[in-house]
Amino acid sequence: MGIYASQRNDMQEFLISTSIVALAEMGDKTQLLALLLSARFRKPIPILIAILLATLINHGISAVLGQWITTVLSPEILVWVLAAGFIGMAFWMLIPDKLDDETDSINRWQKFGVFGATFILFFLAEIGDKTQIATVALAARYDSIFWVMLGTTLGMMIANAPAVFIGNKLAERLSISLIHKIGAAIFLIVGISTLVQYYFF
């Protein structure tokens, strides 16, 4: 029973991490960057591989940071920090994101080729972004940094792969506002459940 329970928990952490980040990434500045890079280079495969690698490294570091936070904060302080973080993310999701003019940045890093430029730009853009902060919070909230990292990375790819291949046609067909509201609702539920689980279960 213990093994099966552990597997269920791992899958739950994986699915929650995937869904939260996939929704958070829709219309996010890093997805807008993926659209821009796709339009500029028109080479989807190296762009996607670079995004995958940049995300794995960035979210791996973020997940480790999230786990480290659990060792320096007391459980009661941690639960309030996490709850506030998730609820704060819910409100952040409702604020439209925008990407500053990245033409100069792309020109600066273009000497490293499509893969190199994409990797550098995406890694830098992800620092301090809502999906990175969500990864830190999820890793602190759940037990397995592996499944959290895997889930958040998959969520990023679910959002960015269609953007790279389809481009602006994807944005035109989707209601980003509705997607963000759904994502905000999930963040809010996770934040409230963090408190409920700590104090009542």
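## Overall make-up

The chain has ten helices and zero strands. Read from the N terminus, its elements run α-α-α-α-α-α-α-α-α-α. This is a predicted model. Of the 201 residues in the chain, 45% count as buried.

Contacts between residues at least 6 apart in sequence can be sorted by how far apart the partners are along the chain. In this chain, 90% of them join residues at least 24 apart.

## Annotated transmembrane regions

An unreviewed UniProt entry carries the annotation "transmembrane region" for residues 45–65, 77–96, 108–125, 145–166 and 178–200. Two of these spans can be described further from the model. Residues 45–65 are 100% helix and 0% strand, with end C-alpha atoms 30 Å apart. Residues 178–200 are also 100% helix and 0% strand, and the end C-alpha atoms of that span lie 32 Å apart.

Arg42 is found in the loop between helix H2 (29–41) and H3. The phi angle of Arg42 is near 55°, which is a positive value in a residue other than glycine. Is Arg42 buried or exposed? Arg42 counts as exposed because its relative accessible area is 68%, and the cut-off for exposed is over 50%.

## Helix H3 against helix H6

Two packed helices are described by the angle between their axes and the distance between the axes. For H3 and helix H6 (residues 113–126), the angle is about 35° and the axes are 8 Å apart. H3 passes H6 in a right-handed crossing.

On the H3 side, the contact is made by Pro46, Ile47, Ile49, Ala50, Ile51, Leu53, Ala54, Thr55, Ile57, Asn58 and His59. On the H6 side, the residues are Val114, Phe115, Thr118, Phe119, Phe122, Phe123 and Glu126. By class, the contact of H3 with H6 has 13 nonpolar, four polar and one charged residues.

## Helix H3 against helix H7

Helix H3 (residues 44–72) also packs against helix H7 (residues 130–141), at an angle of about 40° and with the axes 7 Å apart. H3 is therefore oblique to H7. The crossing of H3 past H7 is right-handed.

Which residues make this contact? H3 contributes Asn58, His59, Ser62, Ala63, Leu65, Gly66, Gln67, Ile69 and Thr70, while H7 contributes Thr131, Gln132, Thr135, Val136, Ala139 and Ala140. The residues of the contact of H3 with H7 divide into six nonpolar, nine polar and no charged.

## Helix H3 against helix H8

The axes of H3 and H8 come within 9 Å and cross at roughly 150°. Angles over 145 degrees count as roughly antiparallel, so H3 is roughly antiparallel to H8. H3 passes H8 in a right-handed crossing. The residues of the contact of H3 with H8 divide into 16 nonpolar, seven polar and no charged.

Thr153 lies in helix H8 (residues 145–166). Thr153 counts as buried because its relative accessibility is 4%, and buried means under 20%. Leaving out residues up to four places away in sequence, Thr153 touches Leu52, Thr55, Leu56 and His59.

Key: Residues numbered from 1 in each chain as written. Predicted model: local features only at pLDDT ≥ 70, side-chain atom pairs only at ≥ 80, totals over all residues. Heavy atoms only, no water. Axes fitted to C-alpha atoms, helices over the stretch in contact; angles between N-to-C directions. Helix = DSSP H or I, 4+ residues; strand = E, 2+ residues; numbered from the N terminus. Parallel < 35°, antiparallel > 145°, perpendicular 65-115°, else oblique. Left-handed = near helix turned anticlockwise from the far one by under 90°. Contact = heavy atoms within 4.5 Å. Nonpolar A, V, L, I, M, F, W, Y, C, P; charged D, E, K, R; others polar. UniProt positions renumbered as here; feature names shortened; annotations may be inferred. Buried < 20%, exposed > 50% of the residue type's maximum accessible area, 1.4 Å probe, protein only.
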